[in-house]
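Reader: I have a model on my screen and want to learn how to read it. Where do we begin?

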Amino acid sequence: MENNSFEEKMKKLNEIVEKLSDESVSLNDSLNLYVEGKELIKELFKYINEAKEKVQEIDKNTN
């Protein structure tokens, strides 16, 4: 996966969800989209956890 911003990854994930909702998508394509979506989710959680750690560090340093 490219090094895109959080927002770009969310947009791509939403596109995948829309495609998976389309009944005309083949089973093979659906499986590939599912795998791509799972990878995006993993990357998005990484962004969220890093942001959470930064906020916790800021809070720790301001007390």
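Author: With the core. Leu13, Ile16, Leu33, Leu40 and Leu44 form the largest nonpolar core, five residues in all. A nonpolar core is a set of buried Ala, Val, Leu, Ile, Met, Phe, Trp, Tyr and Cys residues joined through side-chain atoms within 4.5 Å. Buried means under 20% relative accessible area, exposed means over 50%, and partly exposed is in between (1.4 Å probe, protein chains only).

Reader: Which elements give two or more residues to this core?

Author: H1 and H2 do. H2 gives the most, with three residues. Helices (H or I, at least four residues) and strands (E, at least two) are DSSP runs, numbered from the N terminus. As a general idea, nonpolar side chains in soluble globular proteins tend to be buried together.

Reader: What should I know about the model itself?

Author: The model is predicted: local features need pLDDT of at least 70, side-chain atom pairs count only at pLDDT 80 or more, and totals for chains, interfaces and linings use all residues. Residues are numbered from 1 along each chain as its sequence is written, and side-chain values use heavy atoms, with hydrogens and water left out.

Reader: How do I check the length of a helix?

Author: Compare its expected span with the distance between its ends. The expected span is 1.5 Å times one less than the number of residues. Helix H2 covers residues 27-62, which is 36 residues, and should span 52 Å. Its end C-alpha atoms are 52 Å apart, so the two agree.

Reader: Which residues of H2 are buried?

Author: Ser30, Leu33, Gly37, Leu40, Glu43 and Leu44. These buried residues pack against H1. Take Leu33 as one case. Beyond its neighbours within four places in sequence, Leu33 is in contact with Ile16, Lys19, Leu20 and Val25. Contact means heavy atoms within 4.5 Å.

Reader: Now the charges. How many salt bridges does a search of the whole structure find?

Author: Three. A salt bridge is a side-chain nitrogen of Lys or Arg within 4 Å of a carboxyl oxygen of Asp or Glu. Start with Glu43 and Lys9, whose closest N and O atoms are 2.4 Å apart. This pair links distant parts of the chain: Glu43 is in helix H2, Lys9 is in helix H1, and 34 residues separate them.

Reader: Are Glu43 and Lys9 buried or exposed?

Author: Both are buried. Next comes Lys12 with Glu36, where the closest N and O atoms are 3.7 Å apart. Lys12 lies in helix H1 and Glu36 in helix H2, so the pair ties together parts that are 24 residues apart in sequence. Lys12 is partly exposed, with a relative accessible area of 26%. Glu36 also counts as partly exposed, at 24%.

Reader: Which residues form a nonpolar patch on the surface?

Author: Leu20, Tyr34 and Val35, with about 290 Å² of accessible area together. Accessible areas come from the Shrake-Rupley method with a 1.4 Å probe; for residues, only the protein chains shown count as cover. Patches are made of residues with over 30% relative accessible area and no salt bridge: like charges are joined within 9 Å, nonpolar side chains (Val, Leu, Ile, Met, Phe, Trp, Tyr) within 5 Å. Leu20 sits in helix H1, residues 6-21. Leu20 is partly exposed because its relative accessibility is 36%. Tyr34 lies in helix H2 and is partly exposed at 48%.

Reader: How do I relate sequence distance to space?

Author: Take C-alpha pairs. Tyr34 and Leu13 are 21 residues apart in sequence and 9.8 Å apart in space. Met10 and Gly37 are 27 residues apart along the chain, with 9.9 Å between their C-alpha atoms. For Lys46 and Phe6, 40 residues apart along the chain, the separation is 9.8 Å. Ala51 and Glu7 are 44 residues apart in sequence and 14 Å apart in space.
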